[in-house]
Amino acid sequence: MLDGLNLEVPQGQIISLLGPSGCGKSTLLRVVAGLTPAKHGTVSIHGEDVSQARSRLAFVFQEAALLPWRTVWQNVRLPFEIRNQKSRKTIESALKHCLEIVGFQPNDWHKKPSQLSGGMKMRASIARALITDPEILLLDEPFAALDDMLRSRLNDLLLRIVAESQRTMLFVTHNIGEAVYLSQSIAIMSRGRIAELVEVPFTYPRSSELRSAPEFAAFYGRVSEALYRSER
Amino acid sequence: MAEIDSHRNASVRGARLAVIAAPILVFIIFALSWHALVVLFKIPAVILPKPLDVLTSMWTQRWELLRASWVTLQAALLGLAASALIGSVIAVLFSQSRWIRTAFYPYVIFLQTVPIVAIAPLLMIWSGPGLRAVVLVSCIISIFPIISNVTSGLLSIDQNHLDLFRMQEASRWQTLVKLRIPSAIPGLVLGLRVSCGLAVIGAIVGELFVASSGAYDGLGMVMMAKQANLKIADLMGTILASTCLGILLFVAVQFLGSVVLRRWTKDAGFEST
């Protein structure tokens with residue numbers, strides 16, 4: 001499905017993989033995560049094969065993928081449990097820190113996923129991804145099912161997380177506005193290849209006013225054209 | 001708005017009442033037809049007693065029936081517990097290897113299809129005529145729904161959840177304990193709902209074979225004694241008692257299951273049906 005694909009992601013950057021359904025963007029993300037093995041080619045992080053460096057990655061799924069029988073607190077703690085992190089103090093402070101970053105109030109920490117809204121579930125999912133302090137966040141259309149208002153709020157949350165922690169992010173989306181708002185570069189994908197790599201001209205920090213600026217609309221149009229061009 | 005609410009409440013109350021009233025109505029119609037049939041065709045009591053005679057006989061032998069029901073209930077509960085435990089362990093083994101599943105699943109189906117009446121005498125010989133044999137028959141009859149539902153719960157895991165565990169490099173054991181087993185709890189509850197009735201049937205079938213030894217006095221033994229003495233009203237009363245026992249166990253498991261599912265599955269985002 002993926003063919004002749006080469007992508008270098010500089011440390012601390014957000015790169016969006018943009019393209020229509022079935023173009024291979026989610027597959028690429030899964031290959032990067034080591035969840036789908038590549039028949040040919042390699043994925044390396046600082047020169048190290050991804051299979052050796054998986055602990056430096058975290059994946060945010062399209063659905064929040066919270067374990068429904070666990071509370072938010074227990075869901076976010078899960079990676080620590082699997083990695084046999086024993087220090088209770090470290091775990092508690094990391095959990096509180098991550099839940100605060102994503103905007104969880106303490107009285108929501110012990111709720112089960114079914115008691116949360118879609119946006120809250122996704123916040124918990126992001127907190128779970130952050131808990132192990134990964135260098136690289138891989139996000140597979142995490143906000144696709146959310147309404148526009150919630151989507152833009154969570155976009156701001158992601159920008160804040162990157163600004164505070166200098167994490168690298170690979171972000172899969174089919175939403176042009178989201179890709180432009182979030183990323184430094186947009187890899188436009190078509191039929192399993194990267195058709196074009198577009199640099200986004202806006203500087204950080206970005207705020208929601210940028211969305212209504214004329215230059216944002218103009219650049220949106222440019223990306224949109226590139227996307228249609230790639231499909232021809 | 002208040003009017004709509006009161007209408008809705010009234011219709012909910014009506015629906016609840018219907019759930020109780022409808023089966024009672026059916027029972028009354030059935031009993032009346034039965035009575036009419038016996039009177040109309042002058043059927044002798046030794047062939048088919050009147051429904052009232054059956055109820056009277058149940059009342060007369062109430063202590064004997066209660067004691068026998070208690071013995072049968074213990075055997076059925078032990079059989080159900082054994083099938084829940086053994087069935088879950090088998091399901092866990094099945095979930096761990098496709099090879100084990102392929103090799104052993106036909107034998108599990110054998111448990112479902114084997115005529116238990118045919119092998120019960122063998123079980124009596126192997127395990128001795130007593131509680132152990134009755135529990136064994138009850139367990140064999142009720143284990144299949146547990147194995148089938150729990151295996152299905154252990155294997156039907158959300159791909160995202162599996163990927164989440166793979167990303168964390170979880171061991172097979174961690175994936176089993178922290179993901180597969182909790183996901184299979186609703187399957188276990190559903191399996192128990194089906195199996196509880198079967199466990200009672202199994203216990204009574206077992207008792208029918210144990211009865212001849214005199215080492216045991218459950219409902220099955222009472223049935224054999226009544227049949228031998230041609231006390232048909234008493235026999236039918238005993239059959240009714242065993243049916244009530246099955247219903248009682250079913251209602252209890254249904255209630256406990258819905259409590260567990262409400263805590264585990266409804267809160268957990270599954271539908272508890």
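Tutor: Between domain 1 of chain B and domain 2 of chain B, about 450 Å² is buried, and carbon and sulfur atoms give 88% of that area; buried area is the accessible area (1.4 Å probe) that two parts lose on being put together, summed over both. Trp34(B), His35(B) and Val38(B) supply 76% of what domain 1 of chain B buries against domain 2 of chain B, more than any other three residues. This is a predicted model, in which local features need pLDDT of at least 70 and side-chain atom pairs count only at pLDDT 80 or more, while totals for chains, interfaces and linings use all residues. Residues are numbered from 1 along each chain as its sequence is written, chains are lettered from A and ligands numbered from 1 in the order in which they are written, and side-chain values use heavy atoms, with hydrogens and water left out.

The domain assignment, automatic or from a database, gives chain B domain 1 (1-43) and domain 2 (49-266). Five residues from domain 1 of chain B and five residues from domain 2 of chain B take part in the contact, which means heavy atoms within 4.5 Å.

Across this interface the rule finds zero salt bridges, a salt bridge being a side-chain nitrogen of Lys or Arg within 4 Å of a carboxyl oxygen of Asp or Glu. On the side of domain 1 of chain B that touches domain 2 of chain B, the residues divide into four nonpolar, one polar and no charged; Ala, Val, Leu, Ile, Met, Phe, Trp, Tyr, Cys and Pro count as nonpolar, Asp, Glu, Lys and Arg as charged, and the others, Gly among them, as polar.

Chain B averages a pLDDT (the predictor's confidence in each residue, from 0 to 100) of 87, and 92% of the residues score at least 70.
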